[in-house]
Amino acid sequence: MTTALIVSQVLNGLQLGVILFLVAAGLTLVFGVMDFINLAHGVQYMLGAYLVAVSVAFTGHFGLGLVLGLLAALALGFVMEILVFRHLTRRDHLEQVLGTFGVILIVTEAVRMIFGSAPIAFPVPATLAGSVTLFPGLNYPVWRLVILGVGIAVAGLLWFLVNRTRIGMLVRAGSTHRETVSALGVDIDRLFLFVFAFGAMLAGLAGAMAGPLVSVEPTMGDRILIIAFVVIVVGGAGSIKGAFVAALLIGMVDTLGRAFVPDLLKSLVGRSAAATAGPALSSMLIYLLMAAILSVRPSGLFGGRTA
Amino acid sequence: MSPLAPAPAVPRPRAGIGQTAALMALLAAALALAYGLGSSYGAGLVTRTAILALAAVSLSFLIGQAGLVSFGHAAPLGIGAYAVLIAGEYDMTNILAVLPLAFGAAALFALATGAIALRTRGVYFIMITLAFAQMVFYVAASLSAFGGDDGMAIAARSTFFGARILKPDLHLALLAIALLAAAALGLEHLAASRYGLMLRAGRENETKLEALGLDPYRHRLIAISVAGGIAGVAGALLANQVEYVSPSTMNWHLSGELIVMVVLGGSRRLGGAVIGAMVVVLLDEALGRFTEHWKLGLGLVILGAVLFRGAEVRALLGKFSHG
């Protein structure tokens, strides 16, 4: 187990963490403002990857394509909120689950009709496609460092928006005292519209960031959605700070677990038992962590409200 | 709910027994028709409907009676299927051992994860049950000895002390319908009992129930375990029908479709889940003939049903069955 391996796995873990944060941030804000569960958030992640991939290919310029793709994701967020989601916010959770599940089926299948089931290419500019030598013995892909940088920058921006602006103040107030905020004359539905569309764009950004690393295909949002739920449950629904801490925690535990648990087991229980239990245990790790945290703190690490 | 609102009427589940019997007769008639026409395809469809209805009925007990929206019901179903596969690899195919094993393994999983999930409410509960189900999915995919990602064929359909009683599809279909009838009637009975009343009371007002000295946590945990076990039996039957088990048996979309069945048919009566299963299976088949993108149509139906409050197909169907 060399230093280079450990450093690169830690970086991988952080980078999965910031992608999870970008996805979970929108989800947790939407939940906070409206007590709304949106299963279709993973679809917005997938759409972001497709929209950026298509607009980069269309414009032939990465930066321009990225901006256009994200604007399209934002616009789509507005459209979907107006067409579907605003009609679900006052319903009970069961209907929200059903309605957003329906949206998943519709959008996933529509993307499959247009682009097919096979993964599409996600172009990365040549300057970002190579790798860089961090120290002797460790070459690390530039794109992964870009993800880290963008993720941290967006986290900082979100912190500023939520803690230092008027709309952020309303979002914070709305997540704990929705009726009061509403009674004070704030149009909570309009607030929800903006938060929802902004969250859709963040998920789209996450999808675009992850695009070159995973395969861009219609079902790519499914896996990330469920891990994002784990992040929200661990961090405490409605809390941006909780989402950030939990996203990094889950990203690290998942990555390091997959990288090192099989080896650790091998030295503990022997090769043959480890070969069977290793992959199973490392894929269970984040869920076991979630279970452990929930049994101590049922409303998550930073969940103020009782769940 | 405002404190002045009248208490919602508690449905009288005994009234559902007649409906359940009628639905079983309908399934049996469809099976007889399929055999009369010599359509093994149709018979397979009836079997699949009965199996999914079995899982949906158990979920309906959770959602409709206990008010617990589990988004992970495909997990105990998949565990039941894997019980058949794994037991078969160790030469255990006797149905008197396999079905209890499937029930027990699935109930145990539901008990363990339910004990944690039940500490939470609402949206948390939905997300946690989904997460735990996904955990089982990945564990199944990592079982390289049992097919890993791809899954594998079961050694043989279940036997009765060596006699291959499930080899004819007809026997499997009859067993599925019989188990569905037994589960539906058993759950109706449970729902009509004091225990069912406590579950519904806990759904409406937990604080009052606790003030009466009752323990809603324990009742819900029992409900989750029983429902999980029944879903496990459904999974065992499914493994027997398709003779193949893979992680995709417990894809989370199945959890979603089971909820769709429960809600489309109406969650206040257990029989509604059977109707919902019929509707969804028929819808899948009908749309599947029309286009390979049938999921788009299913999604539109689901979304439309939710948006336009037409969620209760049963209400419509009920008009037909009661004249």
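Guide: Welcome! Before we start, helices here are DSSP runs of H or I with at least four residues, strands are DSSP runs of E with at least two, and both are numbered from the N terminus. Please keep in mind that this is a predicted model.

Visitor: What radius of gyration does chain A have?

Guide: Let's start from the box around the C-alpha atoms of chain A, which is roughly 60 × 50 × 40 Å along the principal axes. For 307 residues, a compact globule would have a radius of gyration near 19 Å, and the value for chain A agrees with that, at 20 Å.

Visitor: Among contacts in chain A between residues at least 6 apart in sequence, what percentage join residues at least 24 apart?

Guide: Burial is a friendly place to begin: 48% of the 307 residues in chain A are buried. As for the contacts of chain A between residues at least 6 apart, the share that joins residues at least 24 apart is 74%.

Visitor: Are H11(A) and H12(A) roughly parallel or roughly antiparallel to each other?

Guide: Helix H11 of chain A covers residues 240–269, and its axis comes within 8 Å of that of H12(A), with a crossing angle of roughly 155°. The crossing of H11(A) and H12(A) is right-handed. Angles over 145 degrees count as roughly antiparallel, so the relation of H11(A) to H12(A) is roughly antiparallel.

Visitor: How many residues in the contact of H11(A) with H12(A) are nonpolar?

Guide: The crossing of H11(A) and H12(A), right-handed as we saw, is made by residues including Val253(A), Val261(A) and Leu265(A) of H11(A), and Ala277(A), Leu281(A) and Leu285(A) of H12(A). In this contact, three residues are polar and four are charged, while the nonpolar ones number 14.

Visitor: Now for chain B. What radius of gyration does chain B have?

Guide: Chain B comes to 13 helices and two strands. The globule rule gives 20 Å for 323 residues, and chain B is close to that, so chain B is as compact as a globular protein of that length, with a radius of gyration of 19 Å.

Visitor: What percentage of the 323 residues of chain B count as buried?

Guide: The C-alpha trace of chain B spans about 60 × 45 × 40 Å along its principal axes. Of its contacts with a separation of 6 or more, 78% come from residues 24 or more positions apart. Within this chain, the buried share is 53%.

Visitor: Where does Glu243(B) lie?

Guide: Glu243(B) is not a glycine, yet it has a positive phi of about 55°. It counts as partly exposed, with 13 C-beta neighbours inside 10 Å. Its place in chain B is the loop between helix H9 (216–242) and strand E2 (244–245).

Visitor: Is Asp91(B) buried or exposed?

Guide: Asp91(B) also has a positive phi without being a glycine, here about 60°. The loop between helix H3 (74–89) and helix H4 (95–117) of chain B is where Asp91(B) lies. Since 12 or fewer neighbours is the cut-off and Asp91(B) has 9 other C-beta atoms within 10 Å, Asp91(B) is exposed.

Visitor: Which element gives the largest share of the side of chain B that touches chain A?

Guide: In all, 38 residues of chain B are in contact with 37 residues of chain A. Helix H5 (122–142), helix H10 (252–265) and H12 of chain B each give two or more residues to that side. The largest share, 14 residues, comes from H5(B).

Visitor: What is the handedness of the crossing of H4(A) and H12(B)?

Guide: The axes of H4(A), residues 93–115, and H12(B), residues 294–307, come within 8 Å and cross at roughly 150°. These two helices are therefore roughly antiparallel. Their crossing is left-handed.

Key: Residues numbered from 1 in each chain as written. Chains lettered and ligands numbered in written order. Predicted model: local features only at pLDDT ≥ 70, side-chain atom pairs only at ≥ 80, totals over all residues. Axes fitted to C-alpha atoms, helices over the stretch in contact; angles between N-to-C directions. Parallel < 35°, antiparallel > 145°, perpendicular 65-115°, else oblique. Left-handed = near helix turned anticlockwise from the far one by under 90°. Contact = placed C-beta atoms within 7 Å. Rg over C-alpha atoms; globule rule 2.2 N^0.38 Å. Buried ≥ 20, exposed ≤ 12 C-beta atoms within 10 Å, placed from the backbone. Nonpolar A, V, L, I, M, F, W, Y, C, P; charged D, E, K, R; others polar.
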